[in-house]
Structure formats: structure tokens, C-alpha cells
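Here is a friendly briefing to read with the model open beside you. Let's have a look together.

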Amino acid sequence: MRMSHSNERLTFIGSGNMATAIIGGLVEKKFPPAQIQVCGPSAEELERLNTRYGVVTSHEASDFMNDTDILLLCVKPQVMQSVCEALGPHTREATVVSIAAGVTTDQLRTWLGRDVPIVRCMPNTPAMVHEGATGLYAAANVEPRTLELIESLFAAIGRVRRVSAEAELHAVTALSGSGPAYGFYLLEAMIAAGQRMGLSADTSKELACQTLLGAASLAQASEDAPATLKQRVMSPGGTTEQAVFHLRDNGFSEQVQSAILKAWQRSYTLAGEEPPRLD
Ligand SMILES: NC(=O)c1ccc[n+]([C@@H]2O[C@H](COP(=O)([O-])OP(=O)(O)OC[C@H]3O[C@@H](n4cnc5c(N)ncnc54)[C@H](OP(=O)(O)O)[C@@H]3O)[C@@H](O)[C@H]2O)c1
């Protein structure tokens, strides 16, 4: 695999959930742990990452900055400014990757104090089981080869789609960033229905989870649209048709769409930008 031959050194700032998920995926895909450097305030998290994956750790980012090709900022948006201001003078030739929601490339550049190449990514929590969906935007000054490597880093924890305009990350946030919660909400409802029909909680959960997983996998693998796949399960007068007609008549599709558009508007508001109007 191409990634295993890469000589690039990665430095992660932050050692929490997302950093751990990405590091786990990379090591599993044979990215050399000796080329992964992790910095964060938590001695416990650093120790855990070192023991589990063999990555290099330090409390001081300056230990790594002379030897970093890709700098991954995996901290919460609230601390991003102070982290960038401290790192800025030391970033040298590194390409900066931020996974923080709502922090723009302009803000990152201002806080870093330099016109560094920046990539913004929006992964989601299924990255923890390497089934993440990541939307990625790269500024114009990111080298194509580096961008390819960064895409392969996120491909180690799921699927990656590049967007061509930074504003599209608001839609990515609303669709796939927040999306796992929509899936969990549907699961909750399916499990509750299973139990109302007399199935055990365990059986309901197992069947509901596998059903959504299977439907998504089938839709991903199939050349047919989800609408066609749905139609094929709906024999006239059958059980599926009964359920789908009930959802349709009660505005299921409109409700899901307007929920996602609300999240989209919220993403603009949280970033201090004017949200788009909904027709
Ligand atoms: N989780 C998601 O679903 C998701 C999805 C997309 C994007 N994101 C983005 O991913 C980023 C990280 O999220 P997360 O869920 O991984 O959060 P997290 O588990 O809280 O991890 C944040 C890490 O940053 C560390 N940290 C705090 N201040 C620091 C500093 N000054 N210097 C270096 N490290 C510092 C924290 O250490 P301590 O624990 O010791 O404070 C922690 O290890 C966020 O910006 C979020 O917007 C998350």
C-alpha cells in the first residue's frame, strides 16, 4: 500500500477521540508508528497511545515541529486559537490539517500568523470503528502529492470526499458530521418498536443495527438509487409497503430534509456567518 512507503512525519496536536481514531486506522493500515508524533496535555492519553500503537509522544509540540510534514490539529474549536498562536512561529514547511468544526482556513491562517497550506476535514464518530465519512477541503496552495497523502490518512478511517468550496463543509457538517445521530435516532425508534412487538432489547438492537448497516452497504454497492432499492422491497399490499406509505403520508422525507437543513443553517451561525435562507 502506498501509505506504508511514505516518509512523511505526522504530528497530532490533541490525543482525544478523533486523534485516537485516526491513529488507530493509520497503524492498522501499516503507516509506520515511528512517523506518528502526538502531543497533548494528558499524560494518561499519551501513555495509552504509546503503549497501544507505538507512536512517539510528548507534552511539547516544539519537540516535533522541526520534523513535521503534516500537522494535524485535533483539538476542540474553543482552544484552536491559542494552540495555533503557540504553534505558528514553528510550523515551517508543514501542511496544516484541521478537523475542528466551524473554524475557517482564514481564521487558522490569521492565528498561525503565516500563509501555510491548510486542509480542513470534517470526519464523523464512526471513524472510531473505521467506518467514518470525511468531507475534505484543501486550500489552493496545498501540494497535490500532500493532498493525496492526507486523503489516504482519512481513507484509513472510512470514506473521503473532497469538496471544491470551503462553504460546502457546512453541508458536510449537517449531512455526515451530525449524521450519525440521525442514524442512532432511527435505531432507537426501530429498537423501541421491536420491543413493543415482544422482541428482547438485545434481539431488537442486533436486528435493527444489522438492518441499517446492511441497507447502507447495499445502497453503497448498488448502481441502483436508494429509491429503486426501496421500491423492490415493497410488494404491493405487503408489510413494507404498509410501513413506507405510513412514513410517506406523515412527512418522513420532508422532516428529515428540513432537520438537515436546520443543522446546515446552524453550522453557519456557529461560525459567525449569515445562514442561507430556506425556501
Ligand atoms: N467527535 C466528533 O464527532 C467530531 C467530528 C468531526 C470533527 N470533530 C472535531 O475534532 C476535534 C477534536 O474532537 P474530539 O472529539 O477528538 O475531542 P476530545 O476527545 O476532547 O480531544 C481533544 C484533545 O485535545 C487536547 N487538548 C486540549 N487543549 C490542548 C492544547 N492546548 N494543546 C494540545 N492539545 C490540547 C485534549 O486534551 P485534554 O483531554 O487533556 O483536555 C484532548 O486530547 C474538535 O475540534 C471537533 O470539532 C469531532
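Just after helix 1, Lys30 adopts a positive phi of about 75°; helices here are DSSP runs of H or I with at least four residues, strands are DSSP runs of E with at least two, and both are numbered from the N terminus. Please keep in mind that this is a predicted model, in which local features need pLDDT of at least 70 and side-chain atom pairs count only at pLDDT 80 or more, while totals for chains, interfaces and linings use all residues. Residue numbers start from 1 along each chain as its sequence is written.

**Helix 1**
- Helix 1 has twelve residues and reaches 16 Å from its first C-alpha to its last, close to the expected 16 Å (1.5 Å times one less than the number of residues).
- Its buried residues are Met18, Ala19, Thr20, Ala21, Ile22, Ile23, Gly25 and Leu26; buried means that 20 or more other C-beta atoms lie within 10 Å of the residue's own, exposed means 12 or fewer, and partly exposed lies in between, with C-beta atoms placed from the backbone.
- The cover over these buried residues includes strand 1 (10–13), strand 2 (36–39), helix 2 (43–53) and helix 5 (144–155).

**Strands 1 and 2**
- Strand 1 and strand 2 pair in the parallel sense over four bridges, where pairing requires at least two DSSP bridges between the strands.
- Thr11 has Gln37 of strand 2 as its bridge partner.
- From strand 2, Ile36 and Val38 point one way while Gln37 and Cys39 point the other way, and all are buried.
- In a regular strand the side chains alternate between the two faces of the sheet.

**Around the ligand**
- The ligand is surrounded by 25 residues, and the closest are Gly14, Gly16, Met18, Ser42 and Ala100 (near means a C-beta atom, placed from the backbone, within 6 Å).
- Helix 1 (17–28) and helix 3 (77–87) are the elements that give two or more residues to this shell.
- The shell divides into 14 nonpolar, nine polar and two charged residues; Ala, Val, Leu, Ile, Met, Phe, Trp, Tyr, Cys and Pro count as nonpolar, Asp, Glu, Lys and Arg as charged, and the others, Gly among them, as polar.

**Two domains**
- The domain assignment gives domain 1 (2–168) and domain 2 (179–270), with bounds that come from an automatic or database assignment.
- Their C-alpha centres lie 33 Å apart.
- Four residues of domain 1 are in contact with four residues of domain 2, contact meaning C-beta atoms, placed from the backbone, within 7 Å.

**Glu254**
- Glu254 is found in helix 11 (residues 252–270), and it counts as exposed because it has 10 C-beta neighbours inside 10 Å.

Notes: Two residues are in contact if their C-beta atoms, placed from the backbone, lie within 7 Å.
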